[in-house]
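This report describes how the parts of one protein pack together. Look at the sequence and the structure first, then read on.

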Amino acid sequence: MNSFTPQAIYDELQLLDQMDISQGADLRQVAQSVLADAQVNLNWRQAIADRLNRANHSLELVTVGSEDSY
């Protein structure tokens, strides 16, 4: 991911389930940084947080019960 604008992060989060583990982890880290940045518009932070939460929940549903689950 080359662009770290809130819009780009929001859009990339939609594709999180199609990324490899490393790319997904990097994107999650960037998204967390944006969420912690008070200079980013609150509406963007809320939208990113919602999309990240949905992506994490989807990952949870897929992972639970698999060999990756602990």
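## Packing of H1 and H2

In this predicted model, helix H1, residues 6–13, packs against helix H2, residues 21–36. The angle between the two is about 140°, and their axes lie 10 Å apart. That angle makes H1 oblique to H2, since an angle counts as roughly antiparallel over 145 degrees. H1 passes H2 in a left-handed crossing.

Which residues make this contact? From H1 they are Ile9, Glu12 and Leu13. H2 contributes Leu27, Val30, Ala31 and Val34. Sorted by class, the residues of the contact of H1 with H2 are 6 nonpolar and 1 charged, with no polar residue.

## The buried side of H1

Three residues of H1, namely Ala8, Ile9 and Leu13, are buried. They lie on the same side of H1, because they cover an arc of only 135° around the axis.

What covers the buried residues of H1? The cover includes H2 and also helix H3, which spans 42–63.

## Packing of H2 and H3

Two packed helices are described by the angle between their axes and the distance between the axes. For H2 and H3, the axes cross at roughly 145° and come within 10 Å. The crossing of H2 and H3 is left-handed.

On the H2 side, the residues that meet H3 are Arg28, Ala31, Gln32, Val34 and Leu35. On the H3 side they are Arg45, Ile48, Ala49, Leu52, Ala55, Asn56 and Leu59. The contact of H2 with H3 has 8 nonpolar residues, 2 polar and 2 charged.

## The protein as a whole

How many helices and strands does the protein have? Its secondary structure comes to 3 helices and 0 strands. Along the sequence, this reads as the pattern α-α-α.

The protein has 70 residues, of which 20% count as buried. Ala8, Ile9 and Leu13 of H1 are buried. Contacts can also be sorted by how far apart the partners are in sequence. Among contacts between residues at least 6 apart in sequence, 47% join residues at least 24 apart.

Methods. Residues are numbered from 1 along each chain as its sequence is written. This is a predicted model: local features need pLDDT of at least 70, side-chain atom pairs count only at pLDDT 80 or more; totals for chains, interfaces and linings use all residues. Side-chain values use heavy atoms; hydrogens and water are left out. Axes are lines fitted to C-alpha atoms, for helices over the stretch in contact, and angles run from 0 to 180 degrees between N-to-C directions. Helices (H or I, at least four residues) and strands (E, at least two) are DSSP runs, numbered from the N terminus. Angles under 35 degrees count as roughly parallel, over 145 as roughly antiparallel, 65 to 115 as roughly perpendicular and the rest as oblique. A crossing is left-handed if the near helix is turned anticlockwise from the far one by less than a right angle, and right-handed if clockwise. Contact means heavy atoms within 4.5 Å. Ala, Val, Leu, Ile, Met, Phe, Trp, Tyr, Cys and Pro count as nonpolar, Asp, Glu, Lys and Arg as charged, and the others, Gly among them, as polar. Buried means under 20% relative accessible area, exposed over 50%, partly exposed in between (1.4 Å probe, protein chains only). The arc is that of the directions from the helix axis to the C-beta atoms.
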